[in-house]
Amino acid sequence: MDGTGDYELDHIILTRDAINKRVSEIAASISEEYRGEELIFTGVLKGAVIFMSDLVRSLDRSVDAKMDFIAVSSYGNASTSSGAVKMIKDMDTYIEGKNVILVEDIMDTGLTLSYLREMLMARGPSAFRTCVLLEKPDRKKVDSIMDYRGFTMPDEFVVGYGLDYAGKWRNLPDIWCVTKR
Ligand code: IMP
């Protein structure tokens, strides 16, 4: 069955081709900025895993890309934000004096990104950038600086390409809107 609980897939909002094209463009911009330098890609688990793995493979060879991960509390099984952000898994890399790029799947209220930015900036990286695949500007509660953005989108709940609803649909190659049954 094509559904989880009371939600089901409705329509594709971003095709795999549109995503791939945009990911290549972002990778080209990052490569331009960090050619020949070390850059620590820090993915926010679990949603950013697929985006980040495509992104790093599209980089110019000269970028010395390292990968690490961080996990924070998510919405659980609800599709609206609780507003609370809690660290579940820290990154392993010591980032003082290093170039760091935080990779996130989606910016909804902006709370996750601003929390992580403040926490990681306190560790003294030499440069800190944020890279977010999707932004929902209508939902924004806090201003978070976004250095690289994939797409802006309307206030819809989406799944696929790493994004989930209750742990489901991360594996879909396209990004879909879900609706209540
Ligand atoms: P924020 O802290 O409100 O910006 O929320 C960011 C997190 O909420 C993302 O990393 C996702 O885990 C989750 N999220 C927000 N909107 C969606 C959505 O449309 N689909 C799937 N997850 C979402």
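I start with Arg-22, which is partly exposed at a relative accessible area of 25%. On this scale, buried means under 20% relative accessible area, exposed means over 50%, and partly exposed lies in between, using a 1.4 Å probe and protein chains only. Before I go on: this is a predicted model, where local features need pLDDT of at least 70, side-chain atom pairs count only at pLDDT 80 or more, and totals for chains, interfaces and linings use all residues. Residues are numbered from 1 along each chain as its sequence is written, and side-chain values use heavy atoms, with hydrogens and water left out.

The side chain of Arg-22 meets that of Glu-25 in a salt bridge, at 2.7 Å from N to O. By salt bridge I mean a side-chain nitrogen of Lys or Arg within 4 Å of a carboxyl oxygen of Asp or Glu. Why are Glu-25 and Arg-22 separated by about one helical turn? Because they are three residues apart in helix H1, residues 16-34. Helices (H or I, at least four residues) and strands (E, at least two) are DSSP runs, numbered from the N terminus. Glu-25 is also partly exposed, at 35%.

Searching the whole structure gives 17 salt bridges. One of them joins Glu-8 and Arg-181, at 3.6 Å from N to O. That pair links distant parts of the chain, 173 residues apart: Glu-8 is in strand S2 (residues 7-14), and Arg-181 is in the segment after strand S10 (175-180). Glu-8 is partly exposed, at 28%.

Next, Arg-149 and Glu-135 form a salt bridge, with their closest N and O atoms 2.6 Å apart.

Now back to S2 and S10. These strands pair in the antiparallel sense over six bridges; two strands count as paired if DSSP finds at least two bridges between them. Which residue of S10 is the bridge partner of Glu-8? It is Thr-179. S10 is also joined to strand S9 (residues 158-159) by two bridges, again antiparallel. There, Val-159 stands opposite Trp-176 of S10.
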